[in-house]
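I opened this entry to keep track of what I looked up, and in what order. The model comes first, then my notes on it.

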Amino acid sequence: MEDQNIIGKVIPLTNLVKYQEKSVVSRQVIAQKTGTVTIFAFDQGEGLSEHTAPFDALVQVLEGEVEISIAGEPHIVKDGEMIIMPANKPHALKALSQFKMMLVMIRP
């Protein structure tokens, strides 16, 4: 279910989540059977351990810098940049600075 508080409103994406010390904060803004859109805020040094997903996932960095490893290959992604993490490939994230991202997952 979509976040009803933001539908039909113009909102800066970076305002949807706030940094918390030593934490990863998330807010799902769209949740449907066909896919999800989630906004994340990572404190510096925080991350997500290696995992896989059964479908492609698009990460758009909104501010800051993150290292995203896909199948063991590291990629530095900065604000304004994006990367697609392919389905069934192991991936992990580590915040090189405080950073915010939008994660879009579309199910086949």
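Is asparagine 88 buried or exposed? I find asparagine 88 exposed, with a relative accessible area of 56%, where exposed means over 50%, buried under 20% and partly exposed in between, computed with a 1.4 Å probe on protein chains only. I looked up this residue for its backbone: phi of asparagine 88 is near 65°, a positive value in a residue other than glycine. Asparagine 88 sits in the loop between strand 7 and strand 8; strands here are DSSP runs of E with at least two residues, numbered from the N terminus.

Before going further I note that this is a predicted model, in which local features need pLDDT of at least 70 and side-chain atom pairs count only at pLDDT 80 or more, while totals for chains, interfaces and linings use all residues. Residues are numbered from 1 along each chain as its sequence is written, and side-chain values use heavy atoms, with hydrogens and water left out.

I located lysine 22 in the segment before strand 1 (24-32), and found it exposed, with a relative accessible area of 63%.

For methionine 101 I listed the contacts (heavy atoms within 4.5 Å): leaving out residues up to four places away in sequence, it touches Thr38, Ile39, Phe40, Phe42, Val59, Gln60, Val61, Leu62 and Leu93.

Last, I followed the pairing, counting two strands as paired if DSSP finds at least two bridges between them. An open sheet of four strands has the order 3-8-5-6 with antiparallel pairing, and its edge strands, strand 3 (47-51) and strand 6 (73-78), each pair on one side only. Strand 5 and strand 6 run antiparallel and are joined by six bridges; along this pair I found isoleucine 70 opposite glutamate 73 in strand 6.
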